[in-house]
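Reader: I'm new to this one. Could you show it to me and walk me through how you back up the words you use?

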Amino acid sequence: MDKVVELEGSRSLEGMIDIATEHHQAGRLEDAAILYRRVLDEKPRHVDANHLLGVIAYQQDRFDTAVELIGKALPDRPASDPIRVNLGRALIGAGRLSEGAEALWSGGYYDEAEEACREAIARTPEDHLLYILLSRILMDDDRPREAETVIYQAFRRVPERDASAGNDTLDLSEYNSATKAFTYSIDIVGTCNLRCPSCPVGNLSDIERPKGFMDVGLFEEIVKKIKSECQNETPNLWLFNWGEPFLHPKLAEIIRIAKAHALPVMLSSNMTTKLDFKEVIRAEPETIKISLSGMTQEVYGKTHARGNIETVKENMRKLRRYIDEFDAKTVVYVSYHMYRHNICDYGDAVVFANSLNFDLLPIVAFFQPLEKMVELVENELSDVDKTLVDLLIEHPLVGVIMSKRIADPAQDCGLRSNAMAINHDGSVALCCGVYQPANMLGVKFTDLPHQELQALKYEHDFCKTCYKSHLSWLPIPPHQPEQNGVTHERQKENLYRKFRQSRGQE
Ligand SMILES: C[S@@+](CC[C@H](N)C(=O)[O-])C[C@H]1O[C@@H](n2cnc3c(N)ncnc32)[C@H](O)[C@@H]1O
Ligand code: SF4
Ligand code: SF4
């Protein structure tokens, strides 16, 4: 107690904390507590004093007090802060297992997090959210097969939404996912130079599909038909679906045709093609999205298979030069596909994109097409596909679980009601999410009026399969409990911390 008394005259809070910590480390908990409290008398929100007084409460098995005090120290601290880890332990002590597990997971304490989560599951095995949390912990602990087992358990457990029960009060109207504008995805190129494993061009490459470039005359016919029958004045015109538009030797001409009919054009490109696209920029498409998944060949090549990152960078520089030269009003942005393996390159990608004055928007990478997603729901993916799924930040079944629990199957699918996918030969697909020939409508866009094309979609059997697998594009309110207080932002933050730790930077 001598030093406690000695400090009576000293008003330096940090000095008091130092002495208190000495007491604390030497096991003189009461002496330390007196000083921490004295600091809090002067500064009630003092982070260290709240945190360490909370740790003392934890050491004395006063878990609720520990949670309260450590919680006061937490606001505005990063997810991985040691304070959160101590909060996690206090929460577990207080019997709040899932919250504790989540906090420990954020700190990278996977064993403790797993133990708490499994205990919580043993107590309430019907709570599917606990399985989702456990799957996230196991994914980050590099145990994807175990994570997979757990996520399928969650999927089986969660009940389907039963709107017919009569007590259904969920109003989904404001979340209608169908965009108000109609979207036409026209695959002007029926193939791609890359083989991304998340895309059917890579993961269904053995499927026989017609390949080629859309004829310019056919494109003009399509555009005229769109103008004559589309319900919206300015539908979205996307010149891609499962192909690479920058491979088309007449892309500039195609853009000019669309613009001549007052249809704004959006392109999306891997930016790995060797064709000179000077004329394309001179034609001034409204939007170009650049798809990227890394900044080094090792990282990028994993998810943009056959792509060369140096070619991408060179093409991006060229794009900036052409835009400046023609004073083009084209909006360009980089879509960074976020995976587990490429968090490490994210910062470099932002710097590079910004150096060229392009925005970079991260998107959590997903797995396509719908036929593969049906296999995933049925747990029938090949090992090769599982290798890709293991790279995803979130197991795709989490979204499916959300849909199973909430989506109202009486609602119409937005990809069917408000979109049309047209292949390079003018034939029409059931929707932009399917790839296999069986899921094409077997007619040309220019042969049938809009309503008849729509009728063919509504008769198609694959939609039934898709609905049954909870994959259809239905309204779901944001911020669902599956997110469990954990948005993708937190998951990305956790992974970034893990990456820094692996480099000894944390
Ligand atoms: C199949 S690509 C075709 C266009 C072009 N080849 C490209 O990759 O940009 C259509 C869109 O899907 C996006 N995409 C492809 N793979 C993705 C993934 N794994 N996660 C998120 N978006 C992806 C691309 O960014 C692109 O805008
Ligand atoms: S670059 Fe685009 S179209 Fe090509 S394989 Fe990748 S995602 Fe598919
Ligand atoms: S229900 Fe599925 S297959 Fe049918 S249009 Fe919608 S997303 Fe496509």
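Author: Leaving aside neighbours within four places in sequence, L134 is in contact with E114, C117, R118, I121 and V150. Contact means that two C-beta atoms, placed from the backbone, lie within 7 Å. This is a predicted model, where local features need pLDDT of at least 70, side-chain atom pairs count only at pLDDT 80 or more, and totals for chains, interfaces and linings use all residues. Residues are numbered from 1 along each chain as its sequence is written, and chains are lettered from A and ligands numbered from 1 in the order in which they are written.

Reader: Which residues have the most contacts inside the largest nonpolar core?

Author: L134 is one of them, along with A101, C117, I151 and L239, in a core of 132 residues. The largest share of this core, 8 residues, comes from helix 9 (residues 128–140). A nonpolar core is a set of buried Ala, Val, Leu, Ile, Met, Phe, Trp, Tyr and Cys residues joined through C-beta atoms within 7 Å.

Reader: How do you know what span to expect for helix 4?

Author: The expected span is 1.5 Å times one less than the number of residues. Helix 4 (residues 47–59) reaches 18 Å from its first C-alpha to its last, close to the 18 Å expected.

Reader: Why does strand 6 lie largely in the open?

Author: Of the 6 residues of strand 6 (residues 359–364), the number buried is 0, so it lies largely in the open.

Reader: And what makes strand 5 and strand 6 a pair?

Author: Two strands pair if DSSP finds at least two bridges between them. Strand 5 (residues 331–338) and strand 6 have 6 bridges in the parallel sense, so they qualify as a pair. S335 stands opposite L361 in strand 6, and Y336 stands opposite P362.

Key
Helices (H or I, at least four residues) and strands (E, at least two) are DSSP runs, numbered from the N terminus. A residue is buried if 20 or more other C-beta atoms lie within 10 Å of its own, exposed if 12 or fewer, and partly exposed in between; C-beta atoms are placed from the backbone.
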